[in-house]
Amino acid sequence: MMRQYELVERVQKYDPTADEALLNRAYVYAMRAHGNQKRASGAPYFSHPLEVAAILTDLKLDDATIVTALLHDVIEDTDTTRTEIDQLFGPEIGALVDGLTKIKRLDLVSKKAEQAENFRKLLIAISSDIRVLLVKLADRLHNMRTLEHMKPEARKRVSEETLEIYAPLAGRMGMQALRDELEEHAFRWLNPEAYRTVTDKLQELRERNEGLVEEIEAALQKMLADAGMKAEVSGREKKPYSVWSKMANKQISMEQLSDIYAFRVIVETIDDCYRVLGVAHQTWRTVPGRFKDYISTPKQNNYQSIHTTVVGPRHQRVELQIRTRAMHSVAEYGVAAHALYKDGQKVNGSGNGASAKTLVFSDKESGPYQWLRRLVETLLEGSNPEEFLEHTKLELFQDQVFCFSPKGRLIALPRGATPLDFAYAVHTDVGNAAVSAYVNGRHVPIDTRLRNGDEVEIKTSKSHTPPAAWESLVVTGRARSAIRRAARDAIRRQYAELGRRLLISAFERIGESYSDERVKKALPRLSHKSLDDLLAAVARNEAKTEDVLRAVAPELAATARAAQRTAEEQGKAKGWLRLTRAATSKLRLGSSSDSETTAGGPPAGRVRGIPIRGVKNDMPVLFEAGGAVPGDRIVGVLAPGEGIRVFQIHSPRLQEYEHERWIDVAWDVDPENPERFPALISVTAPNRPGTLAEIADVIGQSGGNIDNLKMLRRASDFTELKIGLEVWDLAHLNQIINGLKAKAVVTKVERVFE
Ligand code: MN
């Protein structure tokens with residue numbers, strides 16, 4: 001195990017301004033905190049954070065990062081708290097360790113391949129400082145290096161995760177060396193057979209071509225020396241995983257790959273790079289289509305190099321990667337290299353102020369902002385980076401929240417998303433049936449704003465339909481359009497159900513029994529695509545019940561017509577309230593009727609009505625007692641199995657139904673067949689002889705019928721009368737009320753609803 005002074009020396013070697021006391025304190029603290037804990041290998045647990053710190057010293061990272069590495073497991077695995085870290089090491093390190101703790105807690109979540117991209121974004125979102133990611137990658141690297149001590153299942157899971165999440169993340173951060181090593185470890189455990197085959201084959205090649213690498217190296221060296229250039233040349237060992245994935249992705253055989261030798265030429269200046277290229281192309285024949293200039297056009301992760309392939313001394317193909325030392329650093333260490341370079345400059349330029357030791361990406365004004373911009377673009381890979389640029393740290397995905405299903409599925413949602421959005425993101429059916437939500441095990445309102453890492457459980461009910469008003473509880477377009485669609489479907493279903501009720505009555509009137517099957521068979525003769533279409537058309541009065549009967553069997557229509565005539569002759573069904581086409585086509589959710597559709601009553605003052613009993617017999621429309629009279633604004637509510645229940649808009653009973661179930665209905669009175677409607681008024685009058693007679697007189701003279709009367713003594717000298725009336729319409733009712741108000745014996749009159 002690395003000793004305390006060794007670690008401090010390693011850091012001081014590249015950063016003389018590093019806080020020695022801080023490093024010492026962290027070393028001792030972490031060692032004590034982990035105490036007797038052991039790793040799977042049997043080694044003391046503390047050896048792990050120490051190795052992670054060592055990996056990061058190779059990347060020459062600042063003391064805060066090294067301290068964070070030492071402390072990265074203490075909150076999760078020991079009694080240490082965040083507060084304690086803040087107190088002992090300051091809030092900056094506290095925040096870094098906290099970030100790693102958060103990531104570690106995500107280890108319980110399954111990370112399937114299809115959610116790898118989201119998971120990487122989540123890591124970045126909750127890291128908020130790139131140093132958290134650097135420590136996490138080093139942590140993962142050490143765990144991969146020591147994976148042989150784990151159980152086989154754990155090895156497989158950790159390796160998959162490494163290949164899908166962490167290796168690509170390292171690649172995007174430009175850390176090629178780290179990426180390579182992670183991939184090699186993962187490959188070895190995930191596909192031992194392939195790993196062995198490729199490794200053996202590489203070994204065989206090495207033996208067969210013994211001395212070739214050295215020969216090419218020497219030839220290159222000499223060639224460049226002759227041209228008067230100083231360069232470092234090295235043959236590159238092929239990595240089994242990269243050979244394997246090239247074979248898998250490009251369908252290239254091992255033999256085809258095996259004739260390529262890769263060499264790196266590292267020079268001082270960009271100018272030298274192009275000179276090396278010129279010399280190489282002059283000496284050896286080039287392989288067409290293999291030249292790439294990533295110096296003038298860097299890759300997204302900042303990688304810069306010139307790539308070319310030539311035919312070498314033994315007619316082997318030789319790939320050359322030509323780059324400067326700085327470019328090489330970036331290629332190997334990516335983000336970490338940038339931190340190092342800029343940090344070094346700052347230390348030299350501005351003495352050893354404390355701020356020099358913080359990584360430069362917190363510095364908004366100078367150069368680092370430029371590379372951060374590029375890094376952001378890299379990490380986003382194609383998404384629009386502009387909106388994130390105001391953030392100088394890695395708060396890249398702050399406009400997104402990442403949540404989990406109870407089974408560990410990761411769902412990315414926009415900021416402000418609610419459990420309802422989550423439900424729709426899981427599946428439209430889940431969203432449509434969602435009735436309540438649990439976040440992290442606690443029951444919450446369905447419009448709670450979700451936060452990163454929340455585990456969301458949705459309770460569903462099959463009979464549930466999302467109310468149209470829920471549209472305002474969601475932020476995702478997917479949820480919004482699904483709710484709209486569900487509302488439309490609900491209306492369609494309501495219409496269809498109403499149409500079915502109408503047909504059932506029509507069949508019953510002629511002693512026939514209705515069935516969906518019977519009508520379905522007649523569909524081709526009715527020019528409607530589906531039964532529901534037809535039923536909805538019947539409800540809207542766009543299809544006549546008689547036409548449906550005729551399509552089912554012509555004699556049924558004839559019977560119906562005869563029955564209708566008989567009924568009319570007997571004066572039983574002289575007319576009825578209908579849902580007019582105009583009214584029902586405006587049928588919608590969410591609001592009461594508007595005056596345009598409800599003002600279709602008889603001319604004001606004209607006393608005309610419709611027999612309500614007839615209505616009950618012929619149409620599934622029900623009136624509440626003491627409810628609405630023509631001229632009133634009315635609202636229908638679909639009562640399953642009954643039909644439409646009609647309420648006056650101010651009726652308290654109407655308020656018992658959710659707005660979503662309200663249906664616009666309008667009066668359609670038949671002036672030829674006037675009928676009375678029941679209405680209810682409350683009259684307060686003093687207890688004096690003759691009062692009641694006077695009231696009855698007013699009502700009688702106005703042409704109203706008293707249907708019912710209740711007396712409620714309200715005080716010793718006043719009585720409240722509840723009078724059930726039969727009136728023609730609203731104007732008629734108002735005329736009676738005004739007549740009563742004009743009487744001296746009446747204290748108060750008002751219309752009431754039951
Ligand atoms: Mn760890």
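Q: Which residues are the protein donors of the manganese ion?
A: This is a predicted model. In it, the manganese ion takes His-48 (NE2), His-72 (NE2), Asp-73 (OD) and Asp-139 (OD) as protein donors. They lie 2.2 to 2.4 Å from the ion.

Q: How are those donor residues spaced in sequence?
A: The pattern is H-x23-H-D-x65-D.

Q: And where do Asp-73 and Asp-139 lie?
A: Asp-73 is in the loop between helix H4 (63-71) and helix H5 (74-77). Asp-139 is in helix H9 (residues 130-145).

Q: Are Asp-73 and Asp-139 buried or exposed?
A: Both are buried.

Q: Switching to cysteines. How many disulfides?
A: The count is 0.

Q: What about Cys-273, buried or exposed?
A: Cys-273 is buried, at a relative accessible area of 0%. Cys-403 is buried as well, with a value of 0%.

Q: Now the strands. How many residues of strand S18 are buried?
A: In S18 (residues 718-727), 8 of the 10 residues are buried, so the strand is largely enclosed by the rest of the structure.

Q: Which way does strand S16 run against S18, parallel or antiparallel?
A: Antiparallel: 10 bridges join S16 (residues 677-686) to S18. Val-683 has Leu-721 in S18 as its bridge partner.

Q: And how many bridges between strand S17 and S18?
A: There are 8, and S17 (residues 705-713) also pairs with S18 in the antiparallel sense. There, Arg-713 has Thr-719 of S18 as its bridge partner.

Definitions and conventions:
Residues are numbered from 1 along each chain as its sequence is written. This is a predicted model: local features need pLDDT of at least 70, side-chain atom pairs count only at pLDDT 80 or more; totals for chains, interfaces and linings use all residues. Side-chain values use heavy atoms; hydrogens and water are left out. Donors are N, O and S atoms within 2.8 Å of the metal (3.2 Å for Na, K and Ca); water is not among the atoms, so sites may look incomplete. Helices (H or I, at least four residues) and strands (E, at least two) are DSSP runs, numbered from the N terminus. Buried means under 20% relative accessible area, exposed over 50%, partly exposed in between (1.4 Å probe, protein chains only). A disulfide is a pair of cysteine sulfur atoms within 2.5 Å. Two strands pair if DSSP finds at least two bridges between them.
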